[in-house]
Amino acid sequence: MPFIMNNRKKAFLSNICLILALGISWSCTSKTSKGSLETVTEQEVTNSYVYLLSRALVVRQEQMDFDGTGLEYNSIKYNEAGKADFVNPNLDVAYMEAWIAVDEHSAVTIEIPEIKDRYYTLQLLDGWGEVITNINERNYPDHPNGLFVLHLKDSDIDLPDDAFPIEVPVKKIKMLARVELQDTLEEAVSLQQLFKMSAIGSPNIAPTIPFPQFTNKELPTTELFSYAEDFLKTPDVKMNSNDSIRTIVQKVKEFIDSSPESKAQVDSIITHKTIPQFLTFATTKAGKFENGWLATLTAGNYNGDYWTRTSANFVGIWANTSEEVIYFIAAKDADGQVLGNGKSYSLTFPPENLPVKNVNAFWSVILVGFPDYRVVSNELNRFNFNNFSTFDYGEDGSLTLYISPNYDSKWPKSNWLPSPKDAAFNLTLRMYVPHENVLEGKWFPESLKVIE
């Protein structure tokens, strides 16, 4: 017969656990009339929370993509070039997106036009934010364009003979396609419209998980575990050894469900420990940190590192692989202070360190608010720079950018990127098809210096 605590002893144990939860670490064992639960540690709570948050961020985006937009599965949405009303927007490309659904009795065809001397890629991702593949001339040199067909391994449908087959590991896929604007927006948009998609058969599409909406400022707590079963139904085929973390998720969920006191303990840990720890990791540790910039040297495919994967989904969902683009994110200045709150900064690239000399495609830098990662409105409607921007260079060939809420007549106005007057912000520098020195973390932007 299992040992059953009386209410007084149970309350005493719960209070002790709650006190320990506010310390450096804790572990509690809850016993109920159903039997004994295993000990749950603070680290297990934190790791399982971070793991699940990655899926919740993708679900949130799926909800947003379909809510009132008229978007349908297996249909391309051609985003307006230069549109800036989504998280961490890419203003340098003509952008397309779609949610793709396949099953054992269906497939989806994608047609990609021939594109010369202009960056493009069609990126496919799973429900955890892992890149399945990029279709472009680098990864498919013998078939960089034309007709492709996406299908499951065990599908029983006849595939078109003239289509290049791509086997996908999951039934629901996010597609993002990008065509570089360069300085000929009309040509890029014309190419964008030539991307086509159609379904073969009628797939059985799983509904979007109805997880409650949340913001980056107010992340969910224990409710994340209430949806753990639904989240874990989505295969996580690219995450190495995911069975162990999924086992821990189940263990923490059982502890939360065992009693209101247990739920309160975990809720306190998530609020006071896990979320602050994750936010610090996401902005300063999810890659190599140098000169106040965080370089996401591991992105798109994370090789079992779910902390970095969740950070990428949090900062700018749908990160691509490092071979396609390296992201440098600046949240602090040369003195380690948070960017923004009315301060002005300069960012200098020496002649030998110019971004354009270290990419095979193109580069861009964008200013977004923190922690919402959306562009900040300003009088110039200028939100980013890239290698097609018109700059004034120094006599030695260097490039200095000025990031400030107010313009100073001493600066070239072409080099001014307006920032918010009373809020924090981040800069994101994208390096497309980076050189080997960038991939290896040997190239970094200079620190942002406060202009007194």
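# Buried charges and a helix pair

Guide: Glu324 counts as buried because its relative accessibility is 2%. Buried means under 20% relative accessible area, exposed means over 50%, and partly exposed lies in between (1.4 Å probe, protein chains only).

Visitor: What kind of model is this, and how are residues numbered?

Guide: This is a predicted model, where local features need pLDDT of at least 70 and side-chain atom pairs count only at pLDDT 80 or more, while totals for chains, interfaces and linings use all residues. Residues are numbered from 1 along each chain as its sequence is written, and side-chain values use heavy atoms, leaving out hydrogens and water.

Visitor: Which residue forms a salt bridge with Glu324?

Guide: Arg138 does, with the closest N and O atoms 2.8 Å apart. A salt bridge is a side-chain nitrogen of Lys or Arg within 4 Å of a carboxyl oxygen of Asp or Glu.

Visitor: Is Arg138 buried or partly exposed?

Guide: Arg138 counts as partly exposed, because its relative accessibility is 30%.

Visitor: How many salt bridges are in the whole structure?

Guide: A search finds 16. One of them joins the side chains of Asp65 and Lys174, at 2.9 Å from N to O. Asp65 is in helix H2 and Lys174 is in strand S12 (residues 172-180), 109 residues apart.

Visitor: What else pairs with Lys174?

Guide: Glu97 forms a salt bridge with Lys174, and the closest N and O atoms are 2.7 Å apart. Glu97 lies in strand S6 (residues 93-101), 77 residues from Lys174. Asp65, Glu97 and Lys174 are linked in a network of salt bridges.

Visitor: Why do those three count as buried?

Guide: Lys174 counts as buried because its relative accessibility is 0%. Asp65 counts as buried because its value is 10%. Glu97 counts as buried because its value is 10%.

Visitor: Which buried residue has no salt bridge?

Guide: Arg60 is buried yet has none. The nearest side chain of opposite charge is Asp65, 9.8 Å away. Lys and Arg count as positive, Asp and Glu as negative; His and the chain ends are not counted.

Visitor: Where is Arg60, and what does Arg60 touch?

Guide: Arg60 is in helix H2 (residues 42-66). Leaving aside residues up to four places away in sequence, Arg60 touches Gln213, Phe214, Thr215 and Asn216. Contact means heavy atoms within 4.5 Å.

Visitor: New topic. Which residues of H2 meet H8?

Guide: Among them are Thr46, Val50, Leu53 and Leu57. On the H8 side, the residues they meet include Tyr306, Trp307 and Phe314. The residues of this contact divide into 8 nonpolar, 5 polar and 1 charged. Ala, Val, Leu, Ile, Met, Phe, Trp, Tyr, Cys and Pro count as nonpolar, Asp, Glu, Lys and Arg as charged, and the others, Gly among them, as polar.

Visitor: And Phe281, where is that found?

Guide: Phe281 is found in helix H7 (residues 260-284). Phe281 counts as buried because its relative accessibility is 17%. Beyond residues up to four places away in sequence, Phe281 touches Ala286, Trp307, Thr308 and Ser311. The C-alpha atoms of Phe281 and Thr308 are separated by 8.3 Å.

How values were computed:
Helices (H or I, at least four residues) and strands (E, at least two) are DSSP runs, numbered from the N terminus.
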